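Dear colleague,

I am passing on a structure that is new to you, and my notes on what was found in it follow below.

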Amino acid sequence: MAFLIITALILIPTFLFLFIGGKVRDKFVFEKVGNEEIVDVNDAVKLLRRNEKKEYTSGVLYLTNRRLAFFKYRFNWLGIIPFIGEAFISIFIDKNDPIEIPLHQILDYTFKGKIIYNNNNSRSEGITTFYIKNGEEIEFDIYTLELINNKKPDILIALDRVVKTLDNPNAFVPNNQ
């Protein structure tokens, strides 16, 4: 009986925070230019490094038809609380300091998905490094459920699709103003 009560006290708030966080993420408004629209969103992203500066911060990555925009979670330190803390931080997105990568500035990116097994637990990493024209390198850990099947995250598949329209001179090119 006590196990059921404890489980309910953990699971119910976790699902509630995840539901609220999803609604907040869907209604999150940031500055867009002209005909910019959101193509895909991934809220299970960690910024690992920018050039040589290491950063381990969680956030949400938006792909628009013009850029990739990463917004950090405001209360990232609450992630130390298992389940509930990780779900709770997804409600608070910080608009003040986004990392933006214009799509026409991306030279290439690499995705290295790997699953690490240690004793009785496992950990998965979807390390994605973006190489920018100005020599900058930005590295994210983009989580995907299909990593065991070696599938790229949906946001990277959508990025490939959007970039192909940018390279087609006959297609509408949203990055040219």
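Which residues does asparagine 42 touch, not counting residues up to four places away in sequence? Asparagine 42 touches Gly59, Val60, Leu61, Ile142, Tyr143, Pro153 and Ile155, where contact means heavy atoms within 4.5 Å.

Please bear in mind that this is a predicted model, in which local features need pLDDT of at least 70 and side-chain atom pairs count only at pLDDT 80 or more, while totals for chains, interfaces and linings use all residues. Residues are numbered from 1 along each chain as its sequence is written, and side-chain values use heavy atoms, with hydrogens and water left out.

Asparagine 42 is buried, with a relative accessible area of 11% (buried means under 20%, exposed over 50%, partly exposed in between, with a 1.4 Å probe and protein chains only). A polar atom of its side chain lies 2.9 Å from the backbone nitrogen of alanine 44.

Turning to the aromatic rings, a search of the whole structure finds four aromatic pairs (rings of Phe, Tyr and Trp, the last by its six-membered ring, with centres within 6.5 Å; planes under 30 degrees apart count as stacked, over 60 as edge-to-face and the rest as tilted). The pair of tyrosine 62 and phenylalanine 71 is edge-to-face, because the ring centres are 6.0 Å apart and the planes stand at 80°; tyrosine 62 and phenylalanine 71 are both buried. Phenylalanine 70 and phenylalanine 140 form a tilted pair, with 5.2 Å from centre to centre and 50° between the planes. Phe70, Tyr109, Phe130 and Phe140 form one aromatic cluster.

Technical notes. Polar contact = N/O pair within 3.5 Å; in protein donor to acceptor, adjacent residues only side chain to side chain.
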